[in-house]
Amino acid sequence: MVAAALAVVPVARAERLIGLFVALVGVGLAGFVYGLLRGRSWAVPWAVVVLGAAYAASLFLPERGLDRQAPLVAAGFVLLAELSYWTLELRVPISPEPGMLERRSMLIAAATLGALLLASFALAATAVPLGGGALADLLGVIAAIGALGVVAWLAQRERAA
Amino acid sequence: VTRYAAPKLGAYVGLGAFGLLAALVLGRPELAAIAAPFALIAGLGVMLAPEPRITVSVALDRERALAGDEVTAELELRSRRRVEHLEVVLVLPPGIELVEGRNPVLLRLNGREPRTLQLRLRCERWGGYVLGDVAVRARDPLALFTYERRRRERSRLRVYPRPEELRELLPPLETQVFSGNQVSRAKGEGIEFADLRPFVPGDRVRRINWRASARRRALWVNESHPERNTDVIVFLDTFVEARGGTGTGTLDMAVRAAATLAGRYLERKDRVGLVSFGGVLAWLLPATGPVQLYRVVESLIDTEITLSYAWKDVDVIPRRTLPPKALILAVTPLLDERAVATLLDLRARGFDLAVIEVSPVPFVEAGKDELDRLAHRLWLMKRRALRAQYERVGVPVVEWQAGTPLAARVEEVTAFRRHARHARVS
């Protein structure tokens, strides 16, 4: 349901190339369903990326100002990812003690709420005029490269384990 | 403890990095707002994932049980830190089933507070088991890291076969020289009346039958049968077995019958030995007493089918395991040529032999097509011919099927021996 809602957002916002949007979110949903049904955890982030790409494209077709609903979309993506990974965990036949499922549900709800607040804060921060320039761009590039480096390091650790 | 990152961690870091990069390239702060929660959850996960030091111990409420009994396993879990998500599984070997309790179980463990889980287990099949293989998997609250540990403790559980009801035992043709509970066929000093005979010098006065002497106007004395013990050898055929879909097979039944017979003869103060004749030859010299019962049963529960193509006959059995005049009770499915030939050979050597055939027929389906059914009929006929071959040489063969009492089959053997002659085999 969350995935469907996230798929509807870019299609509803798009004014052109609706067929392309439908195809894009369709691929995302198909990957997501495949991952859940076959227990393939790698399919979840790819589905999120495709749905996120559709949302990103909808910001440009047509070009709009700041999307005030972005925090809701961010919370939706976090909720989608958390629920997906939980679903994959529950594929293992295990008998939970009373209260375990409720506790996990609360944790996911807290993560979603936190995502909503963080995204709102991040979006609000963009409204603060800090200026720009080459230095800011350089910092951004360094941060992105650093993030990718962390990804590579974690991937290597996971393979070694 | 093996720690590894869950796929979720890589995915969240990747989504965070990709989103932030896309926001930078495309100049859309919305993408940064979407990516930031993923990056933050990943960062928090890395920072707030200390290794939980979990210790597990397993204890059983007893070390010995009968097949069908229930035992309680207690798992005690401890951790220095609180573990929000802990999966625990006690690996149960085949033959041990969970009756009550959760296994595997997902639970929460408070730091420094031991947690005890109780599992009721049913011993479905006899055998020697080692329990205590416990796998635990812990996750941090955000489920980004997984910690796995496998604990192998040695909690031994010996499950003995449940004995069959057996009131009457098969009497041997000949007894040994030691005192026991079996009335000998020979005449001698004893309680059981055997016959009358004329008095001869040297007879004790108290043996004179005064009533018979008065009637015959000459001294007559009572003769009696002495009470002697017997040597019983339980011969267990372990070359092959027939096994059904329910998990039971001829070996299970054979072991149960062997344990029952050994126990009952030992109760009667007879000497009992065991020959496990199969791919692996195992034996116990005849002895008496409760210690011997434990030896026999311990030996029986370690019995298994070991595939072997090597020809084996009576020569490989140590001589001392087969004392003269011993009653040999063979428990066999009569499926392997080597066991069949060895039993005939024992009979030819003059041993008192009785065969309890643990019938493999219920475990074999006739097949669907005509040819299979024909083969099945031929096989059944061949088995009948084999039984007849034993009976021709004076060996009683009784067919024991699952669900029928062993006592009735033993009674059949007794009846056969009552009417059959002790034949000599050339």
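The following dialogue examines how several terms apply to this predicted model.

Visitor: What makes the ring pair of A:Y34 and A:W42 tilted?

Guide: The ring centres of A:Y34 and A:W42 are 6.1 Å apart, and rings pair if their centres lie within 6.5 Å. The planes stand at 55°, whereas stacked requires under 30 degrees and edge-to-face over 60. The pair is therefore tilted.

Visitor: Why does A:Y34 count as partly exposed?

Guide: The relative accessibility of A:Y34 is 35%. Buried means under 20% and exposed over 50%, so A:Y34 is partly exposed.

Visitor: Why is the pair of B:F239 and B:F277 called edge-to-face?

Guide: The planes of B:F239 and B:F277 meet at 90°, with the ring centres 5.2 Å apart. An angle over 60 degrees counts as edge-to-face, so the pair receives that name. B:F239 and B:F277 are both buried.

Visitor: What makes this pair a tie between parts of the chain?

Guide: B:F239 belongs to the loop between β15 (231-238) and α4 (250-267) of chain B, and B:F277 to strand β16 (residues 271-278) of chain B. The pair therefore ties together parts that are 38 residues apart in sequence. Over all chains, the count comes to five aromatic pairs. Ring pairs also link A:Y85, B:Y12 and B:F38 into a cluster.

Visitor: How do you know that the charged end of B:R125 sits over the ring of B:W126?

Guide: The charged end of B:R125 is 4.3 Å from the centre of the B:W126 ring, and the distance criterion is within 6 Å. The charged end of B:R216 likewise sits over the ring of B:W220, 4.4 Å from its centre.

Visitor: How do you know that the length of helix α1 of chain B agrees with its number of residues?

Guide: Helix α1 (residues 7-26) of chain B has 20 residues, which at 1.5 Å a residue should span 28 Å. The end C-alpha atoms are 28 Å apart, so the two values agree. Among the buried residues of α1(B) are B:L9, B:Y12, B:V13 and B:L15. Just after α1(B), B:G27 takes a positive phi of about 70°.

Visitor: Why do β2 and β6 of chain B stand at the edges?

Guide: The open sheet has four strands in the order β2-β4-β8-β6 (chain B), with antiparallel pairing. β2 (54-60) and β6 (96-100) of chain B each have a single partner strand, so one side of each is left without a neighbour in the sheet. The twist averages 35° from one strand to the next. Strand β4 (residues 70-79) and strand β8 (residues 115-123) of chain B are joined by eight bridges, and B:L75 stands opposite B:L117 in β8(B).

Visitor: What makes strand β19 of chain B mostly covered?

Guide: In β19 (residues 352-358) of chain B, seven of its seven residues are buried. B:D352, B:A354, B:I356 and B:V358 point one way, and B:L353, B:V355 and B:E357 point the other way.

Visitor: How do you know that β19(B) pairs with β18 of chain B?

Guide: Strand β18 (residues 327-332) of chain B and β19(B) share six bridges in the parallel sense. At least two bridges are needed. B:A330 has B:V355 as its bridge partner in β19(B). Together with helix α6 (residues 337-348) of chain B, these strands make a right-handed β-α-β unit. From β19(B) the chain crosses through helix α7 (residues 370-392) of chain B to β20(B), again in a right-handed β-α-β crossover. Four bridges join β19(B) to strand β20 (residues 397-400) of chain B in parallel, with B:V358 opposite B:W400.

Methods:
Residues numbered from 1 in each chain as written. Chains lettered and ligands numbered in written order. Predicted model: local features only at pLDDT ≥ 70, side-chain atom pairs only at ≥ 80, totals over all residues. Heavy atoms only, no water. Buried < 20%, exposed > 50% of the residue type's maximum accessible area, 1.4 Å probe, protein only. Helix = DSSP H or I, 4+ residues; strand = E, 2+ residues; numbered from the N terminus. Right-handed = clockwise from strand over helix to strand, strands pointing away. Phe/Tyr/Trp six-rings, centres within 6.5 Å; stacked < 30°, edge-to-face > 60°. Lys NZ or Arg CZ within 6 Å of the ring centre and 35° of its normal. Expected span 1.5 Å × (residues − 1). Axes fitted to C-alpha atoms, helices over the stretch in contact; angles between N-to-C directions.
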